[in-house]
Amino acid sequence: MGSPLVSGRLLRLAGGRVSVRVGPRSVAVGAAAGAVVLVGAVVAMTTGEFPLTIAEVGETLVGQGSRATEFVVLTLRLPRLLLAIGVGAALAVSGAVLQSLSRNVLGSPDVIGFTTGASTGALVAIIVLGAGTLGTSVGALVGGLVTALLVVALAAGRGTQGPRMVLIGIGIGAALLAVNSWLITTAQLQTAVDAQTWLLGDLGNRGWPQVVALGVVLVLLLPVLFGGARRLALLELGDRPAGALGVDVGRTRTLLLLGAVGLAAASVAAAGPIPFLALAAPQVARSLTRAATPVLLPSALVGAALLVVSDLAVTRLFAPVPLPVGIATGLVGGLYLVALLVRLWRRSPT
């Protein structure tokens, strides 16, 4: 294997088969987002009802802490922190890929119904099948994939381009919301309460099984999506130009779509639906980097930073009864969506 070659703004690895964008603004944005994640992690691990010093946290992580600090760090705080980082990164990358494939800023998995479909699959597993953690995760993955296949099939004729897929996804998502409400109203009281709580989207009451399951999905799918970033950028030129440049359009689109849906469904399985993060994080990253093509790694870091900060805010500002983080992202994301729509409306020709 030869040494990496930097050509323009791309770092070419593995003989040119993998290209990673290394523009200075992308590096700066990624570094800033990573710093926010690091600071947020320190605050999350050391503050709360049981304050700890950084030294105590470090001792506990290497197995030299007391039983009390081990419970606080390893059972309560560390899984929640890792989930915030993983879910934020997964949703952001999923949103970036789907927005690029659809060529529409509204083409994120929560807007076009993919996360709603994952929620439906999880609710069927919880309410109808009485499944546990593993069954709920499988149900979410199946529900997200089936919804994605349905949306893409109904949008056939123009692939995943333009507003067609977005409008169809919104319609299917609305129908699935009705199905979710029906499932909850027909469930036993305690099951319905548990399901409704899960639907709020939260990082509390989660543990290492969710962290491990999400980690496996990230390890499997992120390299695939990062490796396809250059082909994803070429697809934004259009199918014919991309094909002329050597991209297998059908295979590439299918692979990227399945990877993005898998990340979104895994996130829903781990933490429930976290609204609007997949919509906002890629747009924030792309705006800050001023990139003309998708920036997946900065998007992942921005998504992780946004969710870490959001979860830290709801747990510290609303203690001792913290709000689910999905409420915070829904509120902020709803305002962001309004601002985005106003900006698009002003740019559109009259």
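Reader: Which helix gives the most to the lining of the largest pocket?

Author: Rolling a probe the size of a water molecule over the atoms shows where empty space is left. On a 1 Å grid over the protein atoms alone, a pocket is an open set of points where a 1.4 Å probe fits, with protein on both sides within 12 Å along at least five of seven lines; lining residues have an atom within 4 Å of a point. Here α3 gives the most, with 7 residues; helices are DSSP runs of H or I with at least four residues, numbered from the N terminus. The model is predicted: local features need pLDDT of at least 70 and side-chain atom pairs 80 or more, while totals for chains, interfaces and linings use all residues. Residues are numbered from 1 along each chain as its sequence is written, and side-chain values use heavy atoms, without hydrogens and water.

Reader: Which residues are closest to the centre of the largest pocket?

Author: Among the 25 lining residues, they are Leu76, Arg77, Arg80, Thr315 and Arg316. Both α3 and α13 (296-317) supply at least two residues of this lining.

Reader: Is Thr69 buried or exposed?

Author: Buried means under 20% relative accessible area, exposed over 50%, and partly exposed in between (1.4 Å probe, protein chains only). Thr69 has 8%, so this residue is buried. Thr69 is placed in α3 (residues 67-102), and a polar atom of its side chain lies 2.9 Å from the backbone nitrogen of Ser66.

Reader: How many residues of α11 are buried?

Author: In α11, 18 of the 23 residues are buried. Gly272, with a positive phi near 80 degrees, follows α11.

How values were computed
Polar contact = N/O pair within 3.5 Å; in protein donor to acceptor, adjacent residues only side chain to side chain.
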